[in-house]
Protein chains: 2
Amino acid sequence: MRSVTDSDSRATPRRTRAEQRQQTEGRILSAARELFAEHGYDRTTIRAVAARANVDAGLVMHYFHSKDGLFTRAAKLPPDDLPDGAPSEVAEALLASLGKRLEAEPVASLAVLRSILTHSEAAEGFRAAGRRRVDQIKTAIPVGDAELRAGLISAIIHGVVAERYLLRTSVLADASPDEIVNLLRPCFQVLVGLSATSGGPVDAPHG
Amino acid sequence: MRSVTDSDSRATPRRTRAEQRQQTEGRILSAARELFAEHGYDRTTIRAVAARANVDAGLVMHYFHSKDGLFTRAAKLPPDDLPDGAPSEVAEALLASLGKRLEAEPVASLAVLRSILTHSEAAEGFRAAGRRRVDQIKTAIPVGDAELRAGLISAIIHGVVAERYLLRTSVLADASPDEIVNLLRPCFQVLVGLSATSGGPVDAPHG
DNA sequence: TCCTTCGTTCAACGCTCGTTGATTGAACGA
DNA sequence: TCGTTCAATCAACGAGCGTTGAACGAAGGA
């Protein structure tokens, strides 16, 4: 219950300036990620971020120059690369990646997702990531409408994640990741060009 | 290109008070729906709605009492009832309903959808509608995890609609409704409990 | 006709927000 | 040790917002 980042930032004065700054910046970024994920860009106040990070609002401005700057830094996502290969492998890789996102809340990713519909910068970043994903999937699907198929898979993933974590639709919020992944498996297989009943592990319907 | 509701609300003074009021209210509601759908709840200003409706902001308050009141009225949706029956029929009905929503922008529905992630009232209305839909679908699916299956279908529909109209992801925004519906058909059939290749019209893959 | 009703406008209040600039005091380099 | 750097605070500005209440003028009823 006791850590270095306690309520008073000057509790342990035995730190170099660089350490101090890095630590404070980190605290601000964590607070920002949480609040952006919880309330979205517009409803998240610089003052609120500062308060959660035990810091003055002016300091947030000093470090990140603007609210947009803070969001850009806080919502920066590592590019998720799925291995290309046979369609069945791609389908399984997509399902595994989805499963991982359903195991534990991906806070930074939720910060973007929550703000996507009302903040143009978040939307643009999301579209760019979507294009990358579509291009990756496309190369593994040997059909003419590969782009649309990849786009649909993307839409399904984001729809499920959004309803589970942002909207907390009870059905999806309570389900186990495995249940969801198993039900979605035939969908992904079909969209990837496979028949629904061939290739990859297919579980019997639950219950 | 010419209608009674032109820029000047006093252009045709030959109207009774009730007509006048109803007309102005309608103009305000249309403007509100458009702006809520375009920018979401937070970024839509009462002043902006009033300006688009060629009316003073105070009048909007006078008629709707608050911004929330305006949103509630503007975002009121007619309940979409899909016929219950055999799983295959339900799947087709869901696909048809999706197809309709993909043919023409459903503005009122988009106003809700755009505001869902940041406005709690919109979220609650959405969840309620979702529960109704899930209950409807559930009765037609004879398996144990019917609720989750229905929830997934819901999530897919909203994911697709959101990416097409709100995010305007190029792949989904440019595709024809038929292409989307046909690709999604096997997914819905599987989720509804059918095998992907039996029952209902199944098109050959496009291209 | 006169008084009431009501659609509509206008100016303003109070609040919150992003942002700024001055200021303080401790860490730092010479 | 002394002057500089820089993390951090504080008070304030200006803009935009939802909301209010007074005021005006045309429609409606007696």
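Predicted model: local features only at pLDDT ≥ 70, side-chain atom pairs only at ≥ 80, totals over all residues.
Residues are numbered from 1 along each chain as its sequence is written, chains are lettered from A in the order in which they are written, and side-chain values use heavy atoms, without hydrogens and water.

**Chains A and B**

Chain A contributes 45 residues and chain B 46 residues to the contact, where contact means heavy atoms within 4.5 Å. Together the two chains bury about 3,900 Å², of which 72% lies on carbon and sulfur atoms; buried area is the accessible area (1.4 Å probe) lost by two parts on being put together, summed over both. Of the area that chain A buries against chain B, 18% is supplied by A:Leu117, A:Leu167 and A:Leu183, more than by any other three residues.

Two salt bridges are found across this interface, a salt bridge being a side-chain nitrogen of Lys or Arg within 4 Å of a carboxyl oxygen of Asp or Glu. A:Asp42 forms a salt bridge with B:Arg43, with 2.6 Å between the closest N and O atoms.

**DNA strand C**

Among the 21 residues around DNA strand C, those that come nearest are A:Thr16, A:Arg47, A:Lys67, B:Arg17 and B:Tyr63, a residue being near if one of its heavy atoms lies within 4 Å of the strand.

| Residue | Protein atom | Distance to phosphate oxygen |
|---|---|---|
| A:Thr45 | side-chain N or O | 3.2 Å |
| B:Asp56 | polar backbone atom | 2.9 Å |
| B:Tyr63 | polar side-chain atom | 2.8 Å |

A:Asn54 has a positive phi of about 55 degrees although it is not a glycine, and it is found in the loop between helix 2 (46–52) and helix 3 (57–64) of chain A; helices are DSSP runs (H or I, at least four residues) numbered from the N terminus. A:Asn54 is partly exposed, with a relative accessible area of 38%, where partly exposed lies between buried (under 20%) and exposed (over 50%), with a 1.4 Å probe and protein chains only. For B:Asn54, phi is likewise positive, near 55 degrees, and the relative accessibility of 40% counts as partly exposed.

Technical notes. Helix = DSSP H or I, 4+ residues; strand = E, 2+ residues; numbered from the N terminus. Polar contact = N/O pair within 3.5 Å; in protein donor to acceptor, adjacent residues only side chain to side chain.
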